[in-house]
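Student: Hi! Could we go through the aromatic rings in this one together?
Tutor: Happy to, let's have a look.

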Amino acid sequence: MKKINIGLIGFGNVGSGVVKILRDKKSFLAKRTGLQIQVKKVCDKDLSGKRNVSLNKGMLTKNAREIIDDPGIDILVELIGGLHPAKEFIIEALKKGKNVVTANKALLAQEGKELFAQASDRGKSIYFEASVGAGIPIIKTLREGLVANRFNSIYGILNGTSNFVLSQMSKYNCTFKKALAEAKSSGFAEKDASLDINGIDSAHKLLLLIYLCFGKLISLDDVYVEGISRISLADVNYAKELGFEIKLLAIAKKEGQDLEVRVHPTLIPKSHLLSSVGGIFNAIYVSSDLAGDLLLYGPGAGQLSAASAVVSDIVDLTQDLQAGLFRPTLNIIPDKSIKRLRKMDDFSSRHYIRFMAVDKPGVLAKIAGVLAKFKISIASVSQKQRHKAHVVPIVMVSHEAREKDLRSALDTIARFDIIKEDPVAIRIEEA
Ligand code: HSE
């Protein structure tokens with residue numbers, strides 16, 4: 001049995017988890033797969049911190065070239081994150097004839113076209129199971145388990161940090177600020193959680209899922225992305241009264257010949273499975289033509305969960321290498337029924353809308369008049385109890401309305417003297 005050698009760049013949380021699994025489960029993996037996988041070299045620019053595995057000094061280096069240039073290393077595992085130098089390391093490794101495993105969603109979402117082309121030109125593969133949903137085997141499921149399917153839609157809760165914050169607000173009636181502070185103190189959020197909270201991390205992951213489901217690697221610039229930082233506790237509670245939970249949802253769905261792609265806070269009916277996904281959990285709900293509607297659910301972050309996905313890629317690649325197989329990175333087949341990406345103005349959905357308005361006769365009529373002018377039909381309306389003197393929340397649910405019409409209506413209403421805060425509008429999805 002040929003030994004397959006791994007070089008790992010990025011000996012942080014996930015990296016040390018990978019080394020730990022490959023070491024602790026060496027004989028288990030050998031029995032299950034018949035493979036001998038050996039970590040040959042580990043690189044990190046800072047080797048001073050304490051890890052939960054210790055390695056011989058000889059296996060450690062601060063110089064990535066010792067891995068990239070080593071002809072005895074078959075697979076590069078890149079776990080440093082960020083665009084640079086991760087991109088250069090991967091390209092160099094491919095040039096040197098190595099296959100690559102990475103968890104780097106930001107890099108693949110932004111530079112994937114070039115990286116996948118480089119890999120395919122050289123008959124090499126880039127595997128990336130850990131880049132979406134940590135240990136949830138969503139990439140393999142889409143690529144292999146559902147290989148005969150065409151997809152209609154993807155709805156994903158793809159960011160554990162945001163989901164934790166929204167769940168805390170809903171469950172414990174706490175503010176966004178307090179929930180985020182708790183996420184940080186419990187180790188569920190990075191010190192700088194901005195990419196998580198502003199929706200960009202979810203968008204990166206969604207782009208990779210779209211690539212697998214619809215065969216197109218679209219640009220982040222073409223995706224409507226809105227984060228959760230403006231979600232107030234009041235809105236979480238009013239949404240609950242109406243029978244909804246608010247989730248940061250990543251959505252891609254076919255609408256005729258268009259593909260609609262967006263990431264934003266969304267009201268989901270409590271009856272929908274996704275509404276009960278709480279804490280740091282992720283879930284991906286895909287609708288396919290043969291297998292029907294499927295939900296994959298599990299922790300979206302965590303050392304061993306992400307490392308489990310990295311090890312699964314390593315095993316897959318090792319099996320390919322042993323068998324002398326080359327599986328072109330993903331056998332991506334573009335869905336030709338999709339002609340264009342839908343423009344945001346043309347999105348249509350029901351909305352939860354909240355105005356903070358002066359409490360006097362005629363106010364509701366004035367608001368309703370503008371909504372009618374822009375063809376927005378109201379499904380329900382309620383005026384909540386008085387808060388500050390004479391200013392009250394008016395909460396509405398609209399029927400399906402075009403985004404452009406809704407924006408125009410809200411801009412008009414926001415200019416009235418009777419409106420005391422920017423109106424809030426949150427899209428509703430029945431999924
Ligand atoms: N920071 C991500 C999250 C996990 O909060 O879900 C890594 O993708």
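Student: Let's start with phenylalanine 281: what does its relative accessibility make it count as?
Tutor: This is a predicted model. In it, phenylalanine 281 has 28% relative accessibility, so it counts as partly exposed. Tyrosine 297 is partly exposed too, with a relative accessible area of 47%.

Student: And how many aromatic pairs does the structure hold?
Tutor: Four aromatic pairs. One of them joins phenylalanine 116 and phenylalanine 128: the ring centres are 5.7 Å apart and the planes meet at 45°, so that pair is tilted.

Student: Where do those two lie?
Tutor: Phenylalanine 116 is in helix H5 (residues 105-121), while phenylalanine 128 is in the loop between strand E6 (126-127) and helix H6 (138-145), so the pair ties together parts 12 residues apart in sequence.

Student: Is phenylalanine 116 buried or exposed?
Tutor: Buried, because its relative accessibility is 5%, under the 20% cut-off. Phenylalanine 128 counts as buried as well, at 1%.

Student: Back to phenylalanine 281 and tyrosine 297: how are their rings arranged?
Tutor: Their planes are at 15° and their centres 4.9 Å apart, so the pair is stacked. Phenylalanine 281 belongs to strand E11 (residues 281-288) and tyrosine 297 to strand E12 (residues 292-299), and the pair links these distant parts of the chain, 16 residues apart.

Student: Which residues do ring pairs link into a cluster?
Tutor: Phe116, Phe128 and Tyr211.

Student: New topic: what sits over the ring of tyrosine 127?
Tutor: The charged end of arginine 143, 4.5 Å from the ring centre. Lysine 366 lies over the face of phenylalanine 416, with 4.4 Å to the ring centre.

Conventions: Residues numbered from 1 in each chain as written. Predicted model: local features only at pLDDT ≥ 70, side-chain atom pairs only at ≥ 80, totals over all residues. Heavy atoms only, no water. Phe/Tyr/Trp six-rings, centres within 6.5 Å; stacked < 30°, edge-to-face > 60°. Helix = DSSP H or I, 4+ residues; strand = E, 2+ residues; numbered from the N terminus. Buried < 20%, exposed > 50% of the residue type's maximum accessible area, 1.4 Å probe, protein only. Lys NZ or Arg CZ within 6 Å of the ring centre and 35° of its normal.
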